[in-house]
Amino acid sequence: MPKAFFIDTTRCTACRGCQVACKEWHNLPAVQTRQTGTHQNPPDLNPFNYKLVRFSEHLIDGVIRWYFFPDQCRHCFQPPCLFTAEDYVPGAIVQDEDTGAVLYTDLTRHLSAEEFEEVRHACPYDIPRRDSGTGLVSKCDMCIDRVKNDKLPMCVNTCAMGAMHFGEYDDIRALAEKRLEVVRGEFPNASLANPDDVAVVYLLADEPERLHQHAVAQAPAPMTRKQLLARLARPLNKASRA
Amino acid sequence: MTNHWTDIENANAILIMGSNAAEHHPISFKWVLKAKEKGAVVMHVDPKFSRTSARSDFHVPLRSGTDIAFLGGMVKYILDNDKFFHDYVVQYTNAACIVGEKFSFSNGLFAGFDKKTRRYDRSLWAFERDENGLPRRDTSLKHKRCVLNLMRAHYGRYTLDRVSSTTGVSRENLMRVYEAFAATGAPDKAGTMMYALGWTQHTVGVQNIRLAAIIQLLLGNIGVAGGGINALRGEPNVQGSTDHALLYHILPGYLPMVQAKWPTLADYNKANTPVSNDPQSANWWQNRPKYMASLLKSWFGDNATEQNEFCYGLLPRLDEHGDYSLMYLFDRMYKGQISGGFVFGTNPAQSAPNTHKTRRALSNLDWLVVGELHHTETSDFWRGPGMNPSDIGTEVFLLPSAQRGEKEGSITNSGRWLMWHYMAQQPIGESRSLGAMVVDIMNAVRKLYRQEPGAFPEQLLMHDWPQAFDPDRIAKRNNGWFTRDVEIGGVAYKKGQQIPGFGNLQTDGSTACSSWLQCGSYLDSGNLAKRRDLSQTPMQANIGLFPNFAWAWPMNRRVLYNRASVDANGRPWNPAKPVISWEDGKWVGDVPDGGWPPMASGKGKLPFIMAADGYGQLYGPGRLDGPLPEHYEPAETPLARNPFSGQLSNPCMKRMISDADPLAKPADKRYPIVLTTYCLTEHWCGGGETRNTPVLLEAEPQQYVEMSPELAKEKGIANGDVVVVESARGRVEAVAMVTVRMRPLPVEGRIIHEIGMPFCFGWTTPKCGDAVNRLTPAVGDPNTTIPEYKVSLVNIRKADKVTEL
């Protein structure tokens, strides 16, 4: 039975408790940031920020809308990143059978920069990031250490607004559907983001692109000739490393 | 708070004004969202569209410093449209009381103003009283000088057009708020107001809150579930610190500070103990002498006797009208009248207004002791920007403080709950708790006084001073104990026994209690602040009241003035959400505000027990700057004239006068933009602690200034540019955050731009910027002297060269 998150952007106040708690639990170092004219900081996901609250503001028909999107790995049921990496470094990315968590292992360091780019490109939500120093590729690990010990993921544990939930997929899905019905009055454009495909179900307060470019799955761009050739050459790569 | 955090859930309408609740009191919003889910309308009125606005039903931008105009318009709407709760207003407030003939209001001034002293003779505002001293009342509300009719006249001037033109709020937005909030005047509806420093930090700060309380009384929203006037405090234990008299003007438990004009305890008691001959008025402060005697007995122990007035004569005394608050302190320091001092838990070189002056003032000290977790702009002022350490003679001692997880003690949240917290680990290195520092320093001073002769040693040596700091012992002492075997009301108490409640406190020295408000919190059975029991009756569960979780002052009462939530027969105005109810000859629900039976029994008491007359004070003759709130422009205003009167700013406001305290002229062309300042979620207050927390600094790394795209265009500024913000007192560099969340405001026929900046960034954190308070003026409210951080006049331009970021 897969585990799942429900992230309700209509309840998020962007306090960033999740963003900070995630760093604290994973003992990730602070990154150097600058104020560039937005509250969103760090500006993007990076090897040391698995969770990032994205801010986007709009003036729509004279009404200000400010949306918050706590971005993280969706733990896809059929994870394209895993399938892509598997061709290069078996075991670099694995899926935990009990929880469905998609986990990046130490073997990800054996993915070359180009291969990582392909993994990242495969992700419909643009999540994986690579530490250019160590070569490790990282992202949200569902707090698998906590979950295996019957504790909530740190972001969910921290959220005081009821914006984050965690549990069995079926329960979470039902909760999300129910909540969607409740908020439709206030948020007529609300929807669930790819709820059939992922273990992290977002309730989006408005049109997806108003919250984040990758709020819903983006179909990967058609492969370039170079990528196509690289793909054909894969078994060879694999063999050479073994 | 009259109510408490979890009670917000009960509201039908929530007006968040003067507060950015979601950002500054994040947990409060959990309860706001719960209320919203149940259908409450959530409104945010604030100059800036913030994370609070994002989760509210709607946001209304207004010009900083015009809250009284906004709320005055709401009073007019409520009165004109008969939206007030008649029975409540007539029975429980002073609406029917008749004001004396000497009262007047003309062109912005109330009767009795002395231009020379800038003070009012408040005796001219008094009620007419009968032969027994009771206020004369006209419950038909027809008398032209009854409070309600004076209010009709006063707020009749707050027309929609004038309010709109002053505040910059459209008529539609005004009506949207007025209608939604005034709907809670129905007996079965409740509205709550959540405010914070956005209302207090003004030269009219006290009157902002007075007017909010007036609206809540008119609508019958005080004492009920989901109602109240709710100051969001608590984060840095503001509630606990005021309860324990951190400020100079009070003693613990809100007893007035001693003044030179009251040389004896008898004089003090006479001046501070109100009298009422109304059998229906509890006149709670008639008990003040008991609280004062018990406080002195607690402080001076066996040395305090009835014969020596419990050592009253050893207390320091204030001069009449003497002001010893933050701004005056630094003004005197700047003028060389103070030679040394202790600074604990605050960072005035960052967070006091007109910081340049504050920092220069510190350099006039011979010595300075700072207790802090980290080096701050205060501890390190001598090496700050523009300072030459070799020119500064101040000797600075930095005492390393324990962090909150390294000590135990109580914190009092905004809902008046005392909650015990435990030490997670021993303080690292040589750091110690503030309590330990103070106790040990004073023991060393006492030792010196014993060894060597000094001036007035009794003041120090007569204290019942502990050998070592023990938070548990202090908590016990706050509750208080009997100092000898006594019998009170037929019950015998032994010497040393904990006092069960403040009803037992005495004037004869048989009780020692250092905070009457906390009496009842630490019994012989233990410290009730440690309770975490969620049990409750179904009636309590219905309104989210948890009487066995922690302990609330006074006497574990969770909703203040809860006797106003019931009618004369003790039946709840709103039967769906009763706070208390008179059933089978007793009160059930919350702890009632006094145990007397309902009013209809003839033995009841009026619900506003802290007011001498027992009535909720729509008309408040006690404030220094007027019995009814009136709109005045801020000390620095973009307007040349006040749209409401010929009196531009608060006639009684406090203003520092020195060569370092220039103010912009009204409508000063050099400084056409309004600046407001605030804190933010990621940093705590002045940032002294959180700027040293890397993951928080990562999220909010540098000083910024939020401005509208329209202003940015006018000034040729692009998002992310470094800009210089200048006031009459200083300049600050900041990164421009150009955002639609700031709106240009149409005011008095032109557009006024407002910008906003946080005050948490200071130079001790490299490249994060420096104090925004270098811009703000040292002016303050006449009642509290709180500085007007929320409004000043500035100009802004793109920076030629960047030095601070």
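Visitor: In which sense do strand β2 and β3(B) of chain B pair, and over how many bridges?

Guide: This is a predicted model. In general, strands of a sheet pair through backbone hydrogen bonds, either parallel or antiparallel. Here β2 (residues 41-45) of chain B pairs with β3(B) in the parallel sense, over three bridges. One place to look is His44(B), whose bridge partner in β3(B) is His59(B).

Visitor: What is the strand order of the open sheet in chain B?

Guide: The five strands run β3-β2-β1-β8-β9 (chain B), with parallel pairing. β3 (58-60) and β9 (229-231) of chain B each have a single partner strand, so one side of each lacks a neighbour in the sheet. On average, neighbouring strands are turned by 20° against each other, direction ignored.

Visitor: Which strands of chain B does helix α4 touch?

Guide: Helix α4 (residues 67-80) of chain B packs on the sheet and touches β1 (13-17), β2 and β3 of chain B. Its direction makes about 155° with that of β1(B). Helix α10 (residues 205-218) of chain B lies across β8 (191-195) and β9 of that chain, at about 170° to β8(B).

Visitor: How many residues does each chain bring to the contact?

Guide: Chain B brings 41 residues and chain A brings 37 residues. The area buried between them is about 3,100 Å², with 57% from carbon and sulfur atoms. In chain B, Arg51(B), Arg55(B) and Glu698(B) lose the most area to chain A, together 24% of what that side buries.

Visitor: How many salt bridges are there between chain B and chain A?

Guide: The count is seven salt bridges. One of them joins Glu37(B) to Arg179(A), with the closest N and O atoms 2.8 Å apart.

Conventions:
Residues numbered from 1 in each chain as written. Chains lettered and ligands numbered in written order. Predicted model: local features only at pLDDT ≥ 70, side-chain atom pairs only at ≥ 80, totals over all residues. Heavy atoms only, no water. Contact = heavy atoms within 4.5 Å. Buried area = accessible area lost by both parts, 1.4 Å probe. Salt bridge = Lys/Arg side-chain N within 4 Å of Asp/Glu carboxyl O. Pairing = 2+ DSSP bridges. Helix = DSSP H or I, 4+ residues; strand = E, 2+ residues; numbered from the N terminus. Axes fitted to C-alpha atoms, helices over the stretch in contact; angles between N-to-C directions.
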